[in-house]
Amino acid sequence: MRTLRALAHSRTGDKGDTSNISLIAYDAADFPLLVRWVTAERVKVHFAEIALGQVTRYELPRLGALNFVLERALGGGVTRSLALDAHGKSLSSALLSMEIPDDV
Amino acid sequence: MSPTPAASRVVRLGAGAGYSGDRIEPAIELAERGEIDYLVFECLAERTIALAQLERQRDPALGYDPFLEARMRAVLAACRRRGIRVVTNAGAANPASAAAMVAGVARELGLDGLRVAAVLGDDVLDVLRRSAASELPADVISANAYLGAEPIIEALAGGADVVITGRVADSSLFLAPLVHELGWDASDWTRRARGAAAGHLLECAGQITGGYFADPGVKDVEGLARLGFPMAEVDEDGRIVVTKLAGTGGCVTTRTCTEQLLYEVHDPAAYVTPDVTVDLTDARVSEVGADRVAVEGVTGHERPATLKVSVGSREGWVGEGQISYAGPGAVARARLALEIVRERLRITGVKHHELRADLVGVDALHGDALSRAGAEPYEVRARVSARCESACQARRIGDEVETLYTNGPAGGGGVSKSVREIVAVTSAFVGRDDVRPSIEWTVT
């Protein structure tokens with residue numbers, strides 16, 4: 001078992017109460033594997049305590065990237081959140097901590 | 001021998017700031033030795049303008065970015081000498097006063113005949129009060145429409161050396177010089193989308209040259225303490241090359257560019273700006289040299305019919321207190337501390353709408369499940385934060401954390417406490433016809 005950090009890098013952006021987290025394969029050959037394993041449903045479960053709304057996944061095969069949009073994920077929005085990381089800038093690291101089996 | 005193709009016209013943009021408090025030296029480097037035609041400073045976050053509006057209410061001469069003066073003092077002379085024009089949204093809630101201040105700085109520096117344009121008209125609070133009063137929050141402070149590139153293009157056509165705006169979409173600050181120089185048609189959505197994409201890539205400055213990116217052992221970046229800010233070369237067809245100055249820290253790679261391309265994007269097929277709807281579906285990034293990355297394949301669709309408005313309002317106060325514990329049993333003592341504060345707030349009748357109690361170093365960022373609090377950390381910081389109706393109630397949060405010094409678990413130290421007013425931001429929309437930007441000129 002390894003984590004996504006071994007295969008991909010990631011960046012978080014914020015708009016209001018919505019967080020977007022990109023997941024970009026280091027090697028284009030691993031992109032199909034990310035598509036198979038890192039589904040919107042798995043990401044929703046992974047972030048169950050954080051993303052209270054819908055999770056949508058967008059695929060960008062030419063960039064070898066997935067883009068996850070997590071609604072109601074920033075404590076009511078950056079401007080009124082009580083969280084230490086109100087922007088959710090650290091959420092990319094949480095996504096990269098997701099485990100992925102070796103035989104996917 | 002094949003004929004040499006006619007050199008395509010290229011416009012060079014530099015990013016001088018990614019937010020108001022950003023470093024200033026990288027902008028000085030670009031002004032002094034960057035091969036650039038424009039230096040763009042993006043300085044407004046979502047709620048900055050609401051805070052600036054409050055400042056303007058206190059003093060009508062203020063309400064613009066507090067770092068604008070230092071930035072202009074640092075770069076104006078070099079920009080003038082080298083023919084670099086400046087575009088910035090640092091006018092915040094008061095572009096006219098900002099322009100007057102910048103003209104004053106230019107005169108002090110002996111820069112005669114400098115044309116400073118202030119873009120006005122993003123403040124639509126009166127429009128909304130007339131047309132949609134019932135939808136405005138009770139304690140509204142400000143309502144600013146995200147203007148597009150047009151008024152900046154007009155200012156540049158009028159010969160502006162410095163253009164100072166209030167609320168303008170970040171990407172428009174960069175698209176405007178491209179449209180002005182390259183003459184792209186108003187309905188040429190694909191070229192405009194490429195220009196907006198160039199702006200999107202550059203608007204956070206260091207975030208595309210290695211900032212917000214380094215992860216030692218996985219994504220190493222050299223020289224983050226002297227990070228260079230990015231430049232983009234954009235040709236007539238909207239082909240983009242992102243680069244940075246030789247000899248500065250950081251790096252421009254397909255990885256930094258891909259991360260920034262998707263930053264704050266929701267549906268990549270419809271990244272909405274006031275100027276154009278950008279489609280990144282077929283975007284590609286490729287390394288074309290050392291610290292040189294080409295971004296191609298962006299397309300565009302018609303711009304939206306309405307403009308987004310950022311509405312700022314007062315929404316109560318946040319009080320916060322923190323205290324640290326260390327050594328054996330630190331986590332248990334910190335948890336006890338949190339329990340005590342919760343109970344104290346209950347006993348003493350402190351009213352709050354929402355309360356959060358975290359252990360910094362254990363679960364503050366991502367909650368219980370993701371943190372899988374396993375090995376005991378050597379030290380931990382208990383943090384209580386709550387949203388209250390009044391400043392006076394909010395102050396009680398930190399005060400109760402502070403009383404842990406003499407009333408709480410063993411070895412609690414390093415209390416900090418704070419109170420801040422919440423200026424919350426929500427979105428609304430207005431018709432384009434309801435927004436009438438104008439330009440005010442100052443010539444030194």
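1. A quick word on conventions: residues are numbered from 1 along each chain as its sequence is written, while chains are lettered from A and ligands numbered from 1 in the order in which they are written. As this is a predicted model, local features need pLDDT of at least 70 and side-chain atom pairs count only at pLDDT 80 or more, whereas totals for chains, interfaces and linings use all residues.

2. Chain A has a radius of gyration of 13 Å, close to the 13 Å from the globule rule for 104 residues, so it is as compact as a globular protein of that length. The radius is taken over C-alpha atoms, and the rule is 2.2 Å times the number of residues to the power 0.38. Along its principal axes, the C-alpha trace of chain A spans about 40 × 25 × 20 Å.

3. Now have a look at chain B, which is divided into domain 1 (10-304) and domain 2 (312-425); the bounds come from an automatic or database domain assignment. The centres of these two domains of chain B, taken over C-alpha atoms, are 38 Å apart.

4. Where the two domains of chain B touch, domain 1 brings 11 residues and domain 2 brings 5 residues; contact means C-beta atoms, placed from the backbone, within 7 Å. On the domain 1 side, helix H2 (48-58) and strand E5 (140-145) of chain B each supply at least two residues, and H2(B) gives the most, with 4 residues.
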